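Trainee: Could you take me through this model slowly, giving the general idea of each feature before the particular case?
Mentor: Gladly; let us look at it together and begin with a single residue.

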Amino acid sequence: SSRETTHNEPLSENEIFSLLEQAKGIGIRVLVIAGEGEPFTNFSTKRIIAKAHSEGIIPYIFTNGSLLDEETLLFLKKNNASLVINIDSLNETLYESLVSVPHSLNKVLANLELARKTFSGTKKDLDGHSICHIALNTVVSNLNFEEAQKVAELCGEDFAFVCNSPILIGSAKTNDCFKLNQEAQNVLDEFGANYPPLGTGSDMVWCAYMHNGVSVGASGEILACAYSLESANLLGNIRTNSLASFIGKANTVVESFYSKNGHGRCVLRHPQYLNFIQKLRDSQFRGEAAP
């Protein structure tokens with residue numbers, strides 16, 4: 001016997017495929033797979049990527065790089081995918097302490113070279129800009145700021161380099177290594193000017209993911225950002241309305257919040273982020289428009 005689907009159940013593949021078909025219909029051009037966890041541990045990820053590509057949508061995946069074997073990389077190239085691979089250190093001891101996986105750095109570095117070989121020749125020039133399929137992302141902390149230059153050099157001509165500031169939420173909020181000292185901040189400022197966070201709009205002011213799109217959680221919840229799990233169930237659910245109805249909703253409430261609390265490119269990195277979440281919760285109970 002069938003049972004009613006609840007908002008707490010993960011979206012099925014068919015529901016995700018339906019969203020991709022809706023996305024194509026309203027002109028969305030990129031599917032970003034981001035958030036908590038490694039996407040390639042999920043058996044559905046490749047089928048979702050293939051579906052996106054068949055709809056003319058570019059798959060854009062955030063990954064730790066640990067599962068990028070030859071078969072996976074050839075599949076990704078075939079489906080016009082782009083990868084953002086997080087690597088916060090090239091020091092074996094530090095890297096493995098950060099990811100809590102022993103003997104993992106050498107495997108990731110080998111996968112990076114395999115990715116370089118697989119995607120060789122795919123770099124393009126467009127309107128004076130170099131377009132790469134792969135980027136390396138480093139989150140600067142007091143532990144690794146001296147390595148930003150090394151990761152940038154590892155990128156060479158094949159990979160884009162991205163330098164990001166920490167998101168001070170959860171355990172990171174009380175971890176002193178993420179409260180950047182002046183040396184770390186200087187490195188972030190220097191590299192951030194030349195290698196801005198991916199997804200930054202051409203005006204360098206807005207997060208393009210939020211400004212131009214919509215973030216959908218694993219169970220269909222609309223999120224302020226793919227990493228904003230605290231906003232789950234506060235902005236609606238994709239099972240209740242069409243995808244088109246939610247485009248720009250998160251941006252509207254965040255822009256309203258910025259107007260009163262100061263602008264930030266990334267809402268998660270805004271010093272009043274948790275206050276923003278609380279205001280969203282309050283508006284749910286009072287039936288008001290979000291802040």
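Trainee: In which loop is the place of Val-140?
Mentor: A word on the basis comes before the answer: this is a predicted model, in which local features need pLDDT of at least 70, side-chain atom pairs count only at pLDDT 80 or more, and totals for chains, interfaces and linings use all residues. Residues are numbered from 1 along each chain as its sequence is written, and side-chain values use heavy atoms, with hydrogens and water left out. Helices (H or I, at least four residues) and strands (E, at least two) are DSSP runs, numbered from the N terminus. Val-140 is in the loop between strand 6 (134-139) and helix 6 (148-155).

Trainee: Is Val-140 buried or exposed, and which residues does Val-140 touch?
Mentor: Buried means under 20% relative accessible area, exposed over 50%, and partly exposed in between, with a 1.4 Å probe and protein chains only. Val-140 counts as buried, at 1% relative accessibility. Contact means heavy atoms within 4.5 Å; leaving aside residues up to four places away in sequence, Val-140 touches Phe-145, Cys-163, Asn-164, Pro-166, Leu-180, Ala-184 and Leu-188.

Trainee: Which residues of helix 6 are buried, and what do they pack against?
Mentor: The buried residues of helix 6 are Ala-148, Val-151, Ala-152 and Cys-155. Because they cover an arc of only 100 degrees around the axis, they are on the same side of helix 6, the arc being that of the directions from the helix axis to the C-beta atoms. Helix 5, strand 6, strand 7 (160-164) and helix 7 (182-194) are what these buried residues pack against. Gly-156, which follows helix 6, has a positive phi, near 60 degrees.

Trainee: How does helix 3 read in the same terms, and which of its residues are buried?
Mentor: In helix 3 (residues 70-78), the buried residues are Thr-72, Leu-73, Phe-75 and Leu-76. They cover an arc of only 160 degrees around the axis, so they are on the same side of helix 3, while Glu-70, Glu-71 and Lys-78 are exposed on the other side. The cover over the buried residues includes helix 2, strand 2, strand 3 (82-86) and helix 5. Asn-80 follows helix 3 and has a positive phi, near 55 degrees.

Trainee: How should I describe two helices that pack together, and at what angle do helix 4 and helix 5 cross?
Mentor: Two packed helices are described by the angle between their axes and the distance between the axes. Axes are lines fitted to C-alpha atoms, for helices over the stretch in contact, and angles run from 0 to 180 degrees between N-to-C directions. The axes of helix 4 (residues 92-99) and helix 5 (residues 105-118) cross at roughly 100 degrees and come within 9 Å. That makes helix 4 roughly perpendicular to helix 5, given that angles under 35 degrees count as roughly parallel, over 145 as roughly antiparallel, 65 to 115 as roughly perpendicular and the rest as oblique. Glu-92, Tyr-95 and Glu-96 in helix 4 meet Leu-105, Asn-106 and Val-108 in helix 5.

Trainee: What lies in the loop between helix 4 and helix 5?
Mentor: His-103 is found there, and its phi is near 60 degrees, a positive value in a residue other than glycine. His-103 is exposed, with a relative accessible area of 68%.

Trainee: How many disulfides does the structure hold?
Mentor: A disulfide is a pair of cysteine sulfur atoms within 2.5 Å, and the structure holds zero of them. For Cys-155 the closest cysteine sulfur, in Cys-132, is 8.8 Å away, which is too far for a bond; Cys-155 is buried, with a relative accessible area of 1%. Cys-225 is likewise in no disulfide, the nearest cysteine sulfur being that of Cys-266 at 5.8 Å, and Cys-225 is buried, with a relative accessible area of 18%.
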